[in-house]
Amino acid sequence: MVRILITGAGGAAAVSLLRHPRYRREDLFAADIDRHAAGLYLVGEHRRSIVPPAGDPSFVDDVLDLCADHGIDVLIPTVDDELLPISLHRPRFEAVGTRVMVESPHLLRTCLDKATLLEVAAGLVPVPKSTVWGAETELPEARRPLLVKPRSGSGSRGVRRIDRIEELERLPRDGSLLVQEHLPGAEYSVDAVAGAGGRVLAAVPRERLKIDSGIAVAARSLRDDDLERHATELTEALGLRFTANVQFKRDAAGVPKLLEINPRFPGTMPLTVRSGVDIPALCLDKVLGRPLPRRPLSFEPTVMVRHWRETWPEALVGEGAADTGPEFRPRRAAAG
């Protein structure tokens, strides 16, 4: 069996991988910064660990120690903030025998900075009118309302609509914000997966039908030639090796324009799998050097609704005690 460590165990993406039938046949380990992360309790007691946040200086060393101690074959980070630190240290993980399912630092820097991404993508697909809000930035020509969002980040955090120019002028001009035209149409995500030679095996569009706390609780996959073509062109042009979650929103004329690309597994991946394109299995085969399909894959439109599901972590019974076991303490703190 392949030993797989999945980080960000409290997120929807990690939980979907930890529950994936193919992954369940392997030897699974889970890690998170929060002992209450639900995904920790989808693996055995001695296969769960607490790690520091990605911004902590010891984050990479702690995850590297986990991989070395447990003989991890494949490391899959699922949190945006973790992607670049792990990618930068890929040779260290490979030195202990761990393959990392993450893109190159250059590609991550491009995708995780929305301003850079839109600049690169402008010659490939339609993009919204955008400007970085800095000290010398002139007021955008686009009609209001406008949309303001952080240059980095995901999950619609920090996104706000601007209806009056006074609101825009009050925002910090430090280059951390992106000002865009407002796109009033439907929003889509396209899950694309690259095969051998970087050619896209499938691009599966999906529409979020109902949102709860930023998470899609109802969604559908659908066929859309424009969305599939744009996502394929971007994925191949950028050179993504594994999976890309490419997001679009339609303007007033119905043209889909690029919002962002998440170079990782999305939380709604089970819908794409159910539609007939098993991206987690394909990516696992790719990172392990196993054969991949040579022809493009087809899919069937599908609708998904979600519900809550409980787990009963015995390890947290009596929480508040001084010591709940070494698996629930940061590894370097425990070692001290």
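Mentor: Strands (E, at least two residues) and helices (H or I, at least four) are DSSP runs, numbered from the N terminus. This is a predicted model, where local features need pLDDT of at least 70, side-chain atom pairs count only at pLDDT 80 or more, and totals for chains, interfaces and linings use all residues. Residues are numbered from 1 along each chain as its sequence is written, and side-chain values use heavy atoms, with hydrogens and water left out.

Trainee: OK, how many bridges join β11 to β12?

Mentor: Strand β11 (residues 200–212) and β12 are joined by 6 bridges and run antiparallel. R206 has S221 in β12 as its bridge partner. The hairpin of β11 and β12 has 2 residues between the strands, and S213 takes a positive phi near 55 degrees there.

Trainee: And which strand does β12 pair with over 3 bridges?

Mentor: That's strand β15 (residues 303–305), again in the antiparallel sense. Here A219 has M304 in β15 as its bridge partner.

Trainee: Why is β12 largely enclosed?

Mentor: Because 5 of the 7 residues of strand β12 (residues 215–221) are buried, the rest of the structure largely encloses it. Buried means under 20% relative accessible area, exposed over 50%, and partly exposed in between (1.4 Å probe, protein chains only).

Trainee: Is S189 buried or exposed?

Mentor: S189 is buried, at a relative accessible area of 6%. You'll find S189 in strand β10 (residues 187–194). Leaving out residues up to four places away in sequence, S189 touches V204, P205, R206, N245, V246 and Q247. Contact there means heavy atoms within 4.5 Å.

Trainee: What about E138, buried or exposed?

Mentor: E138 is exposed, with a relative accessible area of 67%. E138 is in the loop between β6 (130–132) and β7 (146–150).

Trainee: Switching topic: what's the strand order in the open sheet?

Mentor: The open sheet of 5 strands goes β3-β2-β1-β4-β5, with parallel pairing. Its edge strands are β3 (48–50) and β5 (99–100), each pairing on one side only. Inside that order, strand β1 (residues 3–7) runs parallel to strand β2 (residues 27–32), with 5 bridges joining them. T7 stands opposite A31 in β2.

Trainee: Which strands does helix α3 lie across?

Mentor: Helix α3 (residues 59–70) lies across β1, β2, β3 and β4 (74–76), at about 160 degrees to β1. For that angle, axes are lines fitted to C-alpha atoms, for helices over the stretch in contact, and angles run from 0 to 180 degrees between N-to-C directions.

Trainee: How many disulfides are there?

Mentor: The count is 0 disulfides, a disulfide being a pair of cysteine sulfur atoms within 2.5 Å. The closest cysteine sulfur to that of C111 is in C283, and at 14 Å it is too far for a bond. C111 is buried at 2% relative accessible area, and C283 counts as buried at 1%.

Trainee: Last one: which residue lies over the face of W133?

Mentor: R173 does, at 3.9 Å from the ring centre. Likewise, R223 lies over the face of F299, at 5.5 Å from the ring centre. A charge sits over a ring if NZ of Lys or CZ of Arg is within 6 Å of the ring centre and within 35 degrees of the ring normal.

Terms used: Pairing = 2+ DSSP bridges.
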